[in-house]
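Please view the structure first.

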Amino acid sequence: MATTNTILAEIAAYLKETMPAYSVDLLPGKLDLATYHLSHPLGALLISYQESEYDLTADMAMIAQRRLFKAKITSIARKLDGADGTDDIVEKRGSALLGY
């Protein structure tokens, strides 16, 4: 099973590849908007771990357990509407991650 950090790093790498116009960073801990500084000219995608849910284990010559991994991706932009606004970033992010 992949570790939490590996999964988050793979999501970040994928978003950097599919959305190169924006800053993509792993966010350690909780986002504090009072201290966060957006330095990118358009916007940023901040990725953090939210939680995991585990099914019961299954004993089949090995121990198997399904994991539902939840990541949180916060979109921050310099403007709310229009091209490269928050709404636009959320749409692009959803399209990029659909089926990932």
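## M19 and its contacts

M19 touches L45, I89, K92, R93 and A96, leaving out residues up to four places away in sequence. Contact means heavy atoms within 4.5 Å.

## Basis of the model

The model is predicted: local features need pLDDT of at least 70, side-chain atom pairs count only at pLDDT 80 or more, and totals for chains, interfaces and linings use all residues. Residues are numbered from 1 along each chain as its sequence is written, and side-chain values use heavy atoms, without hydrogens and water.

## Nonpolar cores

A nonpolar core is a set of buried Ala, Val, Leu, Ile, Met, Phe, Trp, Tyr and Cys residues joined through side-chain atoms within 4.5 Å. Buried means under 20% relative accessible area (1.4 Å probe, protein chains only).

The largest core has 15 residues. I11, L15, M19, L45 and I47 have the most contacts inside it. Two or more residues come from each of α1 (4-18), β2 (43-54), β5 (67-77) and α2 (86-97). Helices (H or I, at least four residues) and strands (E, at least two) are DSSP runs, numbered from the N terminus. The most comes from α1, with 5 residues. Another core lies apart, of 5 residues, including L27, L38, L46 and I76.

## S23

S23 sits in strand β1 (residues 23-26). S23 is buried, at 19% relative accessible area. Beyond four places in sequence, S23 contacts H40, G43, A44 and L45. S23 and S48 are 25 residues apart in sequence and 14 Å apart in space, C-alpha to C-alpha.

Terms used. Buried means under 20% relative accessible area, exposed over 50%, partly exposed in between (1.4 Å probe, protein chains only).
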